[in-house]
Structures are given as structure tokens and as C-alpha cells.
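My points follow in numbered order.

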Amino acid sequence: MAVDVLLGLQWGDEGKGKIVDVLSAGYDLIARFQGGPNAGHTLEFDGKKFVLNTIPSGIFFENTMNLIGNGVVIDPITLKKELEKLKAAGHDLLTKKNLLIAKKAHLILPTHQLLDAANEKKMGDGKIGSTLKGIGPTYMDKTGRNGLRIGDITLPDFKERYQKLVDKHVSMLQALYGEVADFSEREAAFFEALDLLRQFPLVDSEHLVNNYIKQGKKVLAEGAQGAMLDIDFGSYPFVTSSNTTAAGACTGLGIAPQQIGEVIGIFKAYCTRVGGGPFPTELENETGEELRQTGHEFGATTGRPRRTGWIDLPALKYAIMLNGVTQLVMTKADVLSGFDKIYACTHYNYLGEKIDYMPYDICSVSPEPILKEIDGWNEDITGITELSEIPAKLQSYIDYLEAELGVPVKYLSVGPDRKQTLVMH
Ligand code: GDP
Ligand code: IMO
Ligand code: MG
């Protein structure tokens, strides 16, 4: 099978960027399949740190091509900034010729961001906690059959198409919210950014990906967000607007399900969530604060403090089922070093009943986590390179998780750097 899929199993920020970078050398093509600049994927190597929002995490390897797939929504302004930062750091993707953009990927307009902000403002306390990048309104225009696509930017009447959609957004903003903020500066930046994007190969990516497959080349589909933010299966409505689960790789790249080989699911040794919505194992206390500080749990995209809590096994099992996960990656095990006791949520107490699945009405009836106490380990593990150096108590935590989840932990991440990764099996 030619295509492996790598995706988050929790509420995002599991360390996808780091692990894609680690695995990239073994693939010919890395393809992002959904989401947009709501994502922030962090990579660290040689003392340098990069945060990618739209660009796939395989760009640092000489022989790996990268594709922004049709399922992604692109904000040209953010993408231009990403490209400029990379260029300043010595990675000019135009000259490296290692980035392709799908013609069918949808465009985020400045007015999509105004709509996102206005929707959130209107919701008050019940807001989603969106990243305000315009993700929801852009996917709404996509499914509403109004959207503009990357391929459109080369058409002679692009400006008219753009204006037609903007006029619609402006009348919506006026009618629904009674105000339209000035977006002239962003509009100018948007068109300037398009000039840069036109210099990249804009491709019929479904053909390209399938040609890679036909030639026996290896493709890794890179997910954004996490299973619990999936538009269908996440904690709706506190979700993002795309399918973050494995099926999203098929629609987001144009590949058939039988082409999918390994499904690599990433989870943190604990849990975080940024934005609103249910989080059964959340620790709103000193322990939660300790996890946040030790784990540097602040959003890579927005800088917001991430909510923190213990690992949630019913949620993880659900994510593994939905995605057909064949290999697990556990990240941030090092953050738990020094905790005398750690905890895993095995079940929920839901209206007085002990259950081991996520209930439909998780947003209105908060299930109480039922926790199992586990011995912590004291050793600093950030420097370990051999399996024999894994503390016995960490190994028993991993053994316990493998037994509960029924899938092997193939990689263990013990720090943010590319090198701080152990192959377990
Ligand atoms: P992504 O969105 O899934 O790519 O994850 P983010 O980049 O948003 O957040 C993960 C954060 O944890 C980043 O700051 C990474 O550099 C960092 N990170 C990744 N793996 C590890 C790890 O094993 N240990 C520690 N301490 N940090 C990690
Ligand atoms: P990566 O790829 C964590 C969250 C937002 C909000 C909800 C909806 O870095 O893991 P949106 O802007 O999509 O309308 O926001 O989803 N969210 C993320 N949380 N990591 C992400 O991406 C996220 N992308 C969106 O905080 O709760
Ligand atoms: Mg992130």
C-alpha cells in the first residue's frame, strides 16, 4: 500500500509536525489533506524551531516533495508569511521546487475571517473558541458551492469572482451583525500574496498523487487538528469544519481507501485542548497548571494557553476505531517525568452509569472521568536514545496503554527535537 496517513487522536497539537518531520525521509511525498492555518505544526532540529500552518512538514528533506491538498483551505496572506519566514531561514521553497499546491484547494478571503469573528462574537460565552482564521466560513462556502479555489487565481475574471463573493459576505455581515470592519489593508495583502502563489506549481493533485502511487512511490498524508475536532465525530459543535479522521485523507487528496496502508495515530501522554467545548479529564487546578508550564502548552498558532488534563482512554479508543489506527505514537512522555502519580481515565460516570464510550450529549451532560492511578517515574528521559534506558514505570504505562488500546506504540517522543524519538518495535 502506497499511502500512509498520520493524524491526531485527541484535540490537536499532539506533535504531528514533529513526527511527520521525523518520518519524512522515508517518503517521496508529504501531503496535507484538510484544515488550514488554524493548524500550527512545530518542528525542531539543529537548535532551530519552525511552526508551519499550511505547508506540509516534509519540506526539510532533499528528496521529499510536498503538497497542499485539495481538502485544505488556504489563506494566501498566512501562506506568504510562512514562505517568507522559511526563505529568511535559508529555505526558499520556490528555488527548492519542493512545494505543490492543489488547484482545488479553497481560498480563505479576508471577509471569511470577518465572518468567523462576527459569528464568534455573536455566540458570546457559548463561542467555539475558533482560531479566527476564517476556517468555518470558508468550508461553508465550499459546501454551499460559492467558494473560490486556488485554480481560479489564474483565470482572467478572478477579480470579478472575488468581488461577487465579497459583496455577498458584506451584505451578510451588514444584515446579521450590522457592521463591517475595514478590510482594505488585508485585501491589498491578499492580492499581493496571490502574486507569490501564482509562481508555485498549481496542480491537479488527485492525478499527481495517484501517479505517485502507480509508480510505487511512498506518500504520507499529514492530518491537522485531531479526531475529537472532526466535524462529524468530534464534540460537535465544538469542532473544526473538516473531517480530521482518516476518511478525510481520501477526499482531501483524491485517493481510494484501498490505497491506504498504515494509519499512524498520535497522542500525548496526557491531554490538551485549546478553545471551548467538553474536556472530561480537564484539570482546572495546580496539577493542570504544572502540566501547562512543563509541557509549554500554549498554542503554536494563537499563543492561547491550552487546557490540560489526564489521558482519556474512552476518547482515544473512539479515535482509534474511527481511524483504523495501526500504529501509535506517544509524545510528550517527558512532560510527565517527576509526577509521583499519574492518572488515566478508563470510563465515565454518565448520569450515574459507568460507560466506556463518548456519549452523544457530551456537550450538555458533562461525564465525570473515572480515573486509574498509575505510578509515575522520576527520571529525566529527554536524553535517552536506547530502549533499555526507558524507566520501568514508563514502560509499564506504555504496556498498559497498548493493552487497553489494542494497538502497538511504534514511536515514543521524549522531547521536541527530531532526535528525541525512539522506535519501539
Ligand atoms: P501539532 O499541531 O500536532 O503539530 O503539535 P504542535 O506543534 O501544535 O504542539 C506540540 C508541541 O509540543 C510543540 O511545541 C512541539 O515542539 C512539542 N513537542 C512535540 N513532541 C514533544 C515531546 O515529545 N516532548 C516535548 N516536551 N515537547 C514535544
Ligand atoms: P493542529 O493541526 C488545536 C480548535 C480551535 C477551536 C476549534 C475550531 O495544530 O493540531 P477553527 O479555527 O478550526 O474554526 O477552530 O478547533 N483548533 C485546534 N486546536 N490544534 C489545532 O490544529 C486546531 N485547529 C483548530 O481552538 O476550539
Ligand atoms: Mg498545533
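1. An oxygen atom of ligand 2 sits 2.9 Å from a side-chain N or O atom of R304. That is a polar contact, meaning a pair of N or O atoms within 3.5 Å; within protein, one atom must be able to donate a hydrogen and the other to accept it, and residues adjacent in sequence count only if both atoms are side-chain atoms. Backbone N or O atoms also approach oxygen atoms of ligand 2: from D13 at 2.8 Å, and from V274 at 2.9 Å. On its own, ligand 2 exposes 550 Å², and the protein buries 97% of that. Areas come from the Shrake-Rupley method with a 1.4 Å probe; for residues, only the protein chains shown count as cover.

2. Basis of the values: this is a predicted model, where local features need pLDDT of at least 70 and side-chain atom pairs count only at pLDDT 80 or more, while totals for chains, interfaces and linings use all residues; side-chain values use heavy atoms, without hydrogens or water. Residues are numbered from 1 along each chain as its sequence is written, with chains lettered from A and ligands numbered from 1 in the order written.

3. Which residues are closest to ligand 2? They are D13, K16, H41, T131 and T240, out of 21 that surround ligand 2. To be near, a residue needs a heavy atom within 4 Å. The shell holds eight nonpolar, 10 polar and three charged residues. Here Ala, Val, Leu, Ile, Met, Phe, Trp, Tyr, Cys and Pro are nonpolar, Asp, Glu, Lys and Arg are charged, and the others, Gly among them, are polar.

4. Ligand 2 takes up the space of the largest pocket. A pocket is an open set of points on a 1 Å grid over the protein atoms alone, for a 1.4 Å probe, with protein on both sides within 12 Å along at least five of seven lines; lining residues have an atom within 4 Å of a point. A molecule sits in a pocket if more than half of its atoms lie within 2 Å of its grid points.

5. The largest pocket has about 750 Å³ of space. Its lining has 38 residues, with I128, S130, T131, V239 and T240 closest to the centre. Volume is the space filled by probe spheres set on the points, which are joined across faces, edges and corners. Helices α4 (110-123) and α5 (135-143) each give at least two lining residues. By class, the lining of the largest pocket has 15 nonpolar, 17 polar and six charged residues.

6. Ligand 1 takes up the space of the second largest pocket. This pocket's volume is about 590 Å³. Of its 27 lining residues, T42, E44, R306, K332 and P416 lie nearest the centre. Two or more come from each of α1 (16-23), β3 (41-45) and β4 (48-52). The largest share, four residues, is from β3. The lining divides into six nonpolar, 11 polar and 10 charged residues.

7. Ligand 1 has 20 residues around it; G15, K16, T42, D334 and S413 come nearest. Four of the shell residues are nonpolar, eight polar and eight charged. Oxygen atoms of ligand 1 meet polar backbone atoms of G15 at 2.8 Å, of E14 at 3.1 Å and of G415 at 3.1 Å.
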